[in-house]
Amino acid sequence: MKCAVLVVGAGSGKRHGGKLPKQYQHLNGMLVFRHSLMAFSDHPQINTVIAVIAEDAKPLFTVAADGLNVKTVPGGASRTASVHEGLKVLADDAPDIVLIHDAARPLVSSALISRIITAITKSHGAAPGLALADALKYLHEDGVAGDDIKRAGLVQVQTPQGFPFQPLLEAYTRLGADAEFADDIAAARAAGIECIIVQGEPDNFKITMPGDLEHAERLLHQRNVPISVTGSGFDVHRIIPGPQMVLCGVSIKGDLALKGHSDADAGLHALTDALLGTIGAGDIGDHFPPSDPQWAGVNSSVFLRKATDLVEQRRGKILHVDLTIICERPKIKPHREAMRARLSDLLNLDMNRVSIKATTTEGLGFTGRGEGLAVMANVTVQLSG
Ligand code: MG
């Protein structure tokens, strides 16, 4: 079944108090519109995402939709006209069902989208609704409360509202250009299509009034409580005679070198693996195969940079690194502060969050015999979202 969504954000509502329309306000580091688009573009049952936007909001929308597979349609004079424009564009490659969502409802959940899709049939639509908790009364112009309105039988309706595509398109076509409705249920009903109400979600509120953005921000923070993860890495290189070895980005001159395809910096290799481990992104060999000649003799900071970039893309923040170098020679202590400074620089991390320790294996094993040098690395990363 082909399922499309129109995310409608052509309005200029500023009741929330900001200078820009609510869908272009910042919410937890992203524009409100982007949160709404991502809810659908990340959903496995949605094939097409179309945004209906105001023509003059294009530069803002470009920021909101950066990197997302979203087509845009210019909106019309009213919400009803905007939806009609979107439906007409979809008609070229008609989906089976279409959902219509307010761009200013950024916290719509994947589960709610699924519930709506499941509830739509060939003959009727589906929309989320919430029962009312507070008493309802008419309000007189002088601010005095009037008669009660019975809550029983009333429902607050949210979006996404979903319909079988073809009947909805025909309904909008029949309504004509000047028709104006509060939402798509009203437009569909005017053309004889009924809509059933499924359970909505309180968090799926529309950002409208001052304070709504702050409320949404608090809810997102609760959802995205950061967690700390730990990655570990281990690497060994053979020790050979040579004028210098590169370890933790520092050149140690003398009579020892490390053998390897790249610059053989076992410290940066172990650290790269530990970083990849925090985000489950495989190991250094997956990203930089030793069989690939382009990595011959390369400075290992290239590998580390790739790993830090990947961690950053996952909204990770490196908190602490701790390395243990295992060898009999060279002596690490004279170089330790230079190594910490170099790692601090490469990781953009305060030096007191960079620990380097060294040990021997009391003459035992390959490190004890001086055949090789090993490095263990542990990294702590804070992940959010
Ligand atoms: Mg290595």
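Colleague: What makes strand β1 (residues 3–9) mostly covered?

Modeller: Buried means under 20% relative accessible area, exposed means over 50%, and partly exposed lies in between, with a 1.4 Å probe and protein chains only. In β1, 7 of its 7 residues are buried. C3, V5, V7 and G9 point one way, A4, L6 and V8 point the other way, and all are buried. In a regular strand, side chains alternate between the two faces of the sheet. This is a predicted model, where local features need pLDDT of at least 70, side-chain atom pairs need 80 or more, and totals for chains, interfaces and linings use all residues. Residues are numbered from 1 along each chain as its sequence is written, and side-chain values use heavy atoms, with hydrogens and water left out.

Colleague: How do you know that β1 and strand β6 (residues 97–102) pair?

Modeller: Two strands pair if DSSP finds at least two bridges between them. Strands themselves are DSSP runs of E, at least two residues long; helices are runs of H or I, at least four long; both are numbered from the N terminus. 6 bridges join β1 to β6, and the two run parallel. V8 has D102 as its bridge partner in β6.

Colleague: Which strand holds the residue opposite V8, V52?

Modeller: V52 is in β4. β1 and β4 (residues 48–53) pair in the parallel sense over 6 bridges.

Colleague: What makes D235, H237 and H269 donors of the magnesium ion?

Modeller: Donors are N, O and S atoms within 2.8 Å of the metal (3.2 Å for Na, K and Ca); water is not among the atoms, so sites may look incomplete. D235 (OD), H237 (NE2) and H269 (ND1) lie 2.2 to 2.3 Å from the magnesium ion. They therefore qualify as donors. Along the chain, their spacing is D-x1-H-x31-H. D235 in strand β13 (residues 227–241) and H269 in helix α8 (residues 266–278) are 34 residues apart, so this pair links distant parts of the chain.

Colleague: Why is D235 called buried?

Modeller: Its relative accessibility is 16%, so D235 counts as buried. H269 is buried as well, at 8%.

Colleague: What makes I193 buried, and where is I193 found?

Modeller: I193 has 7% relative accessibility, so it counts as buried. I193 is in the loop between α6 (184–190) and β12 (195–199).

Colleague: How do the residues lining the largest pocket divide?

Modeller: Into 7 nonpolar, 9 polar and 3 charged. The largest share of that lining, 3 residues, comes from α1.

Conventions
Nonpolar A, V, L, I, M, F, W, Y, C, P; charged D, E, K, R; others polar.
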